[in-house]
Amino acid sequence: MCIKEDLVQEKLHITSRRSIDGWINNYQQYGNRGLEKSFSKTRYSGQFKLEVLNWRKEHSASYQITANHFNIKQHSTIANWQRKLNEGGVDALFIKQGRPLMHKK
């Protein structure tokens, strides 16, 4: 890390270099759009999740490289899918996330 990056990290009170690396990667991959806060949550099918994890395994790729390959903005999304697969098996990738719908009376 160079002195300028150290100063930026200190000035912005960033505790982890990984945050800066993530921002750099997102900018390189998506331009300004990669730095914007996303207000909508992208939903992925269980089949897509499985394909992503299989590709990662076949290519011995990191989460970041896999995210870049599949245009997934946050590599932690893939890490979460891997954790779910490891803990709950394939079925865990097909469970819908989010709040249950409220029914009107």
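This is a predicted model: local features need pLDDT of at least 70, side-chain atom pairs count only at pLDDT 80 or more; totals for chains, interfaces and linings use all residues.

Mentor: Residues are numbered from 1 along each chain as its sequence is written, and side-chain values use heavy atoms, with hydrogens and water left out.

Trainee: What span should helix H5 have, and how far apart are its end C-alpha atoms?

Mentor: Helices (H or I, at least four residues) and strands (E, at least two) are DSSP runs, numbered from the N terminus. The expected span of a helix is 1.5 Å times one less than its number of residues. For H5, residues 75-88, the 14 residues should span 20 Å, and the end C-alpha atoms are 20 Å apart, which agrees. Just after H5, Gly89 has a positive phi of about 80°.

Trainee: Which residues of H5 are buried?

Mentor: Buried means under 20% relative accessible area, exposed over 50%, and partly exposed in between (1.4 Å probe, protein chains only). In H5 the buried residues are Ile78, Trp81 and Gln82. They cover an arc of only 100° around the axis, which puts them on the same side of H5; the arc is that of the directions from the helix axis to the C-beta atoms. Their cover includes helix H3 (46-58) and helix H4 (63-69).

Trainee: What does Gln82 touch?

Mentor: Contact means heavy atoms within 4.5 Å. Not counting residues up to four places away in sequence, Gln82 touches Leu53, Arg56 and Tyr63. Gln82 is buried, because its relative accessible area is 14%.

Trainee: Which residues make up the largest nonpolar core?

Mentor: A nonpolar core is a set of buried Ala, Val, Leu, Ile, Met, Phe, Trp, Tyr and Cys residues joined through side-chain atoms within 4.5 Å. The largest has eight residues: Leu50, Val52, Leu53, Ala67, Ile72, Ile78, Trp81 and Leu93. H3 gives the most to this core, with three residues. Leu53 touches Ile78, Trp81, Gln82, Leu85 and Leu93, again leaving aside residues up to four places away in sequence.

Trainee: Is Ser60 buried or exposed?

Mentor: Ser60 is exposed, with a relative accessible area of 69%, and lies in the loop between H3 and H4. Most residues other than glycine have a negative phi. Ser60, although not a glycine, has a positive phi of about 45°.

Trainee: Where does Asn71 lie?

Mentor: Asn71 lies in the loop between H4 and H5. Asn71 has a positive phi of about 55°, although it is not a glycine, and counts as exposed at 52% relative accessibility.
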